[in-house]
Amino acid sequence: MLEVKEPGLFTTVQDLGRNGYQAYGMPVAGAMDEYACKMANRLLGNEPGAAVLEMTLLGGSFFFRQACWVAVTGAAMPISLDGKTQSNWSRFFAPAGSELSFGYAEQGCRTYLAVQGGVEVPVILGSRSTYTRGTIGGLNGRALKTGDVLPLGACDRSLKKPLFLPATYSPIQEERPLVRVLLGPQAEAFTKQGVAALFSADYEISSEADRMGYRLEGPVIEHVGKADIISDALCLGAIQVPGHGQPIVMMADRQTTGGYTKIGAVIGADLGKLAQSKPGDRVRFVQCSDAEAVAALRQLRSLEQSAAAWLAEEEERSTGRQFRIVVAGVTYQVQVQEG
């Protein structure tokens, strides 16, 4: 069991989301930075979509009632286990009775804490993710608070040593990230000057940015006519532009439909950059093609696979190497432990 001593600013249980129910009006939710969530789980040998804790801007403090391997990824928050500093993008062992504490994010916005076996809150519609506006999922459908106790999954493997992900697999948040955008589906609803404005200068993340949507402040995006349309589907990353001309990027907790024109959508490979941007940060939008968006997503998936392969090799080094040997027609499984 994991006890919440201090919840931080806004900490929720998240996995990869509640997919398949948007047609019925149910938002997806899930981790804002999917890559960081997956890597935290992979460090522990969990399924990539196991439930984790997502901490926003200010982390919490957690008491381990049982010994557990943990992993931390995402935003650079100071990490302390019983007063001893720990590293981000790493896994380490938390003994029974220990306390793990996090500070303010020094870089980025969201930090992920994974535990071996995952956080085992109830599964609702195929997911453990918290959707606070609907009071669904996670722990009682809300952000964590002091005194909460979270059940942890059973550990089905024995990890041997702490591990740090190489810099290749642990991205650093850029000071002003470039975020690629595909135009559409209502790009024709904007003037040429309006479309050009989206890519002309930086946009600042406003204080109203949250898991539902990122409101931005910058050059006004001009409509040809009215900003309203008959409500239609909203995808992750869709950029709505209301009548005031300031864009809103739809994030993990977005509603399923919306009635504002959409000038484009942030590509999947760059959503993590936006999710790790906090109020006051600036981003620059860059137009890209369908082919470029597909190539970027393939590159991200390749990075995930490469990280998984590296982790598998590291586990093999710590637990010994296994070989299949055939002698006189008989197959033997041989494990060699390196000294």
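Let me start with one glutamine. Leaving out residues up to four places away in sequence, Gln186 touches Ile229, Asp232, Tyr260, Thr261 and Lys262. Please keep in mind that this is a predicted model.

Where does Gln186 sit in the chain? Gln186 is in the loop between strand E13, residues 178-183, and helix H2, residues 192-198. Its relative accessibility is 11%, so Gln186 counts as buried. The Gln186 side chain also reaches the backbone nitrogen of Lys262, at 2.8 Å.

Two of those neighbours come up again. Lys262 and Asp232 form a salt bridge, with their closest N and O atoms 2.6 Å apart. That pair links distant parts of the chain, 30 residues apart: Lys262 is in strand E20, residues 262-266, and Asp232 is in strand E16, residues 228-233. Lys262 is buried, because its relative accessibility is 2%. Asp232, at a relative accessible area of 26%, is partly exposed.

On to the salt bridges in general. How many does the structure hold? There are 19 salt bridges. One of them joins the side chains of Arg211 and Glu54, at 2.7 Å from N to O. Arg211 is in the loop between strands E14 (203-205) and E15 (213-217), and Glu54 is in strand E3 (residues 52-56), so this pair ties together parts that are 157 residues apart in sequence. Arg211 and Glu54 are both buried. They also belong to a network of salt bridges that links Glu54, Arg110, Arg211 and Asp253.

Another salt bridge is between the side chains of Lys273 and Glu174, at 4.0 Å from N to O. Here too distant parts of the chain are linked, 99 residues apart, with Lys273 in helix H3 (residues 271-275) and Glu174 in the loop between strand E12 (163-164) and E13. Lys273 counts as partly exposed at 24% relative accessibility, and Glu174 is partly exposed at 39%.

Last, the cysteines. The structure holds zero disulfides. As for accessibility, Cys235 is partly exposed at 40%, whereas Cys288 is buried at 9%.

That's what I have. Questions, please.

How values were computed:
Residues are numbered from 1 along each chain as its sequence is written. This is a predicted model: local features need pLDDT of at least 70, side-chain atom pairs count only at pLDDT 80 or more; totals for chains, interfaces and linings use all residues. Side-chain values use heavy atoms; hydrogens and water are left out. Helices (H or I, at least four residues) and strands (E, at least two) are DSSP runs, numbered from the N terminus. Buried means under 20% relative accessible area, exposed over 50%, partly exposed in between (1.4 Å probe, protein chains only). A polar contact is a pair of N or O atoms within 3.5 Å; within protein, one must be able to donate a hydrogen and the other to accept it, and residues adjacent in sequence count only if both atoms are side-chain atoms. Contact means heavy atoms within 4.5 Å. A disulfide is a pair of cysteine sulfur atoms within 2.5 Å.
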